[in-house]
Amino acid sequence: MIVIITTTLVQDVKRHSVVKQQQKKRELIPCYHETQPSGCTRPGCPFKHSKPDSATRYKYEDTLSATHAMAPVENGSDFWEPSPSPSDLICLICYSNSIMLSWTEPDEINGYINGYKIVYRERIMGSSRWKSVKTKSKQTVYTVNYLKGDTRYEFKICTVDRDGEDGSFSHPAVEFKTKPSLAHHVKASAKRLGHSDPERYKIPFQKTKGGTNNAAKTQKYHFGKEIPGITGKTIMLLGATGSGKSKLLDGMINYIFGVSWDDNFRLKMVELSDAEKTRYTDQTQSQTEWITSYTVSSLSGSNLDYDLQIVDTPGFGNTRDLVRDIDIVDRIREFINTSQGNMYLDGICFVVQAPLVRLTSPQISCFDAILSIFDQDCVNNIYVFVTFADGNEPLVLDALRSAKVPFKKFYKFNNSALFISTQDSQESEFGSLYWKMGMDSFRLFFDDLQFAQTKRKTKQK
């Protein structure tokens, strides 16, 4: 019995010795999986490879602090060395919802730099998911957008080579804090509307003295101090019933005051009368009966550096009758005529739904009637706000061209993201994309509006 045990132990030692010798030779044996169409995907594969594979070059330690995010892993008999990390990561300009970063490129570069990758997260107690953005050039300045106001963030950066592979991340992480958001200051003086997620707050607009005409159903509001002599921009919103114009206004004011997607609240702008509230769920009837002018003064922390007057008009193309549509056109003309004898317009904005393949006859008639109010040289001041949009080319653009409705540019929005919960993972995934699309569109529009030539609409006799 003892002999049997001794023999077994000797055989076992010999077997492990042979296995150990074979393992030493694996680095000289070509990897079979590398010859297959899918390539070798085994992390840390010990066999010999003719070229390094992205799956075996490094491992990403995201569950920790990403201090050493890129760690080289043995690949055959060689080591793949990632490019050195950029250095001197600093903050050039800090806003309430964005931070402009600058850095120094690495002294030594293993390969060609195609761009940079920036990872960042909130500096909060407990774990926080890292987010990432990639630059599209080798420039060493980049602005990270869509940040929360008055919040600390950690940042790291690495190079990205021509194959899309990441280099070593900078270490340690650097911390910067965004400025307090104007939206939080506005929220403090606003009225909370019910209980919802996210929370909703009504902006405390003040009625302009002498700005209400009950007979014509026109009214004027303002927010912030009016400074005489300060020139601003004026836009007029026009759209059919159900085009999403009221919600677009809410999205616009959230952009102006710098509300972030990650904020737990949203701001509301549109004031509905009791009669209008009863029609809220009926998209065949316009929610807005009055022509309302909202003047938003330029405030510190705002995304606009000029005063903005927004003229909101009732939805046309209503199912009730065409007489009402004609009345809306007449009231718009009256509103212009009562604006101290003249009115200055910088943007005429048509709000249309993305899926529309053609305009209805009432819509075309209303577009034509409204355009007849303005002069021919206003064509370059006509913009299209496309609601219910996605990543595709909006079908309604062909419908507008077929109806010969002129416009200079269009901007895409999907305001379904405006009031959905950021805590619901399924809704949040698409909501954040639509939110970003809308905020980008507002930024592009207001940049364009800043350089638009102001048109003066004189009083018609």
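This is a predicted model: local features need pLDDT of at least 70, side-chain atom pairs count only at pLDDT 80 or more; totals for chains, interfaces and linings use all residues.
Helix H4 comprises the 12 residues 245–256. At 1.5 Å a residue, H4 should span 16 Å, and this agrees with the 17 Å that separates its end C-alpha atoms. Of the 12 residues of H4, 11 are buried, so the helix is largely enclosed by the rest of the structure. The buried positions are Lys245, Ser246, Leu248, Leu249, Asp250, Gly251, Met252, Ile253, Asn254, Tyr255 and Ile256. Just after H4, a positive phi of about 80 degrees is found at glycine 258.

Ile256, at the end of the range 245–256 of H4, also belongs to the largest nonpolar core, which has 47 residues. Together with Phe257, Leu267 and Phe446, Ile256 is among the residues with the most contacts inside that core. When neighbours within four places in sequence are left aside, the contacts of isoleucine 256 are Val296, Ser302, Asn303, Leu304, Leu308 and Phe446. In soluble globular proteins, nonpolar side chains tend to be buried together.

Glycine 315 is placed in the loop between strand S19 (307–312) and helix H6 (322–337). The relative accessibility of glycine 315 is 4%, so the residue counts as buried, the cut-off being under 20%. From C-alpha to C-alpha, glycine 315 lies 8.5 Å from aspartate 325, and the two are 10 residues apart in sequence.

Definitions and conventions
Residues are numbered from 1 along each chain as its sequence is written. Side-chain values use heavy atoms; hydrogens and water are left out. Helices (H or I, at least four residues) and strands (E, at least two) are DSSP runs, numbered from the N terminus. The expected span of a helix is 1.5 Å times one less than its number of residues. Buried means under 20% relative accessible area, exposed over 50%, partly exposed in between (1.4 Å probe, protein chains only). A nonpolar core is a set of buried Ala, Val, Leu, Ile, Met, Phe, Trp, Tyr and Cys residues joined through side-chain atoms within 4.5 Å. Contact means heavy atoms within 4.5 Å.
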